[in-house]
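User: I'm new to reading protein models, and I'd like a close look at one part of this one. Could you walk me through the nonpolar core and what sits around it?

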Amino acid sequence: KQWYQRRVAITAGRLKMRYVAAYLLLSLGGNDSPSAKDIKKLLTSAGVGVDEEKLKFVLSQLEGKDINEVLAAGAEKLASVPSGGAVAASGAGGAAAGGASAPAAESDDDMGFSLFD
């Protein structure tokens, strides 16, 4: 039972962006202002259910906006979010400074044949 609940939660998490993704796909396909009907048609053709309330919310948030401007604004917001790369880099630097060395990379000669013969 716990496995099933976890699976449902993972699946539900994957479908959170379905309306935005459908809107973007339709926009890329040349439809500058996809309607609810267009999005429903796309999602149902892929076997994905549609929640009318959520669809209306997404469309109300995108109404009258240029999708390229919305994406650019989102990219600016994401640029300020720390990604954790700095922590990993400083952690690796500390390990190297501590005297631990990385194992030597194996050479291709150990394969016993050449890919270009």
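Analyst: Let's start with the core itself. The largest nonpolar core has 12 residues in all: Tyr 19, Ala 22, Tyr 23, Leu 26, Ile 39, Leu 43, Val 48, Leu 55, Val 58, Leu 59, Leu 62 and Ile 67. A nonpolar core here is a set of buried Ala, Val, Leu, Ile, Met, Phe, Trp, Tyr and Cys residues joined through side-chain atoms within 4.5 Å. Buried means under 20% relative accessible area, exposed means over 50%, and partly exposed is in between (1.4 Å probe, protein chains only). Helix H2 (18-28), helix H3 (36-45) and helix H4 (52-62) each supply at least two residues of this core.

A quick word on where this comes from. This is a predicted model, so to speak of local features a pLDDT of at least 70 is needed, and side-chain atom pairs count only at pLDDT 80 or more, while totals for chains, interfaces and linings use all residues. Residues are numbered from 1 along each chain as its sequence is written, and side-chain values use heavy atoms, with hydrogens and water left out.

Now zoom out for a second. The protein has six helices and zero strands, where helices (H or I, at least four residues) and strands (E, at least two) are DSSP runs numbered from the N terminus. Of the 117 residues, 12% are buried. As for contacts (heavy atoms within 4.5 Å), 43% of those with a separation of 6 or more are between residues 24 or more positions apart.

Leaving out residues up to four places away in sequence, Leu 59 touches Tyr 23, Pro 34, Ser 35, Ala 36 and Ile 39. Tyr 19 is 40 residues from Leu 59 along the chain, yet their C-alpha atoms are separated by 8.6 Å.

Val 20 lies in helix H2, but with a relative accessible area of 28%, Val 20 is partly exposed. Val 20 also takes us to the largest pocket: of the 15 residues lining that pocket, the closest to its centre are Met 17, Val 20, Val 58, Gln 61 and Leu 62. On a 1 Å grid over the protein atoms alone, a pocket is an open set of points with protein on both sides within 12 Å along at least five of seven lines, and lining residues have an atom within 4 Å of a point. H4 gives the most to this lining, with five residues. The pocket's volume is about 370 Å³.

Ser 27 is buried, with a relative accessible area of 16%. Apart from residues up to four places away in sequence, Ser 27 touches Pro 34 and Ile 67. Both Ser 27 and Ile 67 are among the residues that line the second largest pocket, which holds about 150 Å³ of space. H2 and H5 each supply at least two residues of that lining.

Notes:
On a 1 Å grid over the protein atoms alone, a cavity is a set of points where a 1.4 Å probe fits but cannot get out, and a pocket is an open set with protein on both sides within 12 Å along at least five of seven lines; lining residues have an atom within 4 Å of a point. Grid points are joined across faces, edges and corners, and a volume is the space filled by probe spheres set on the points.
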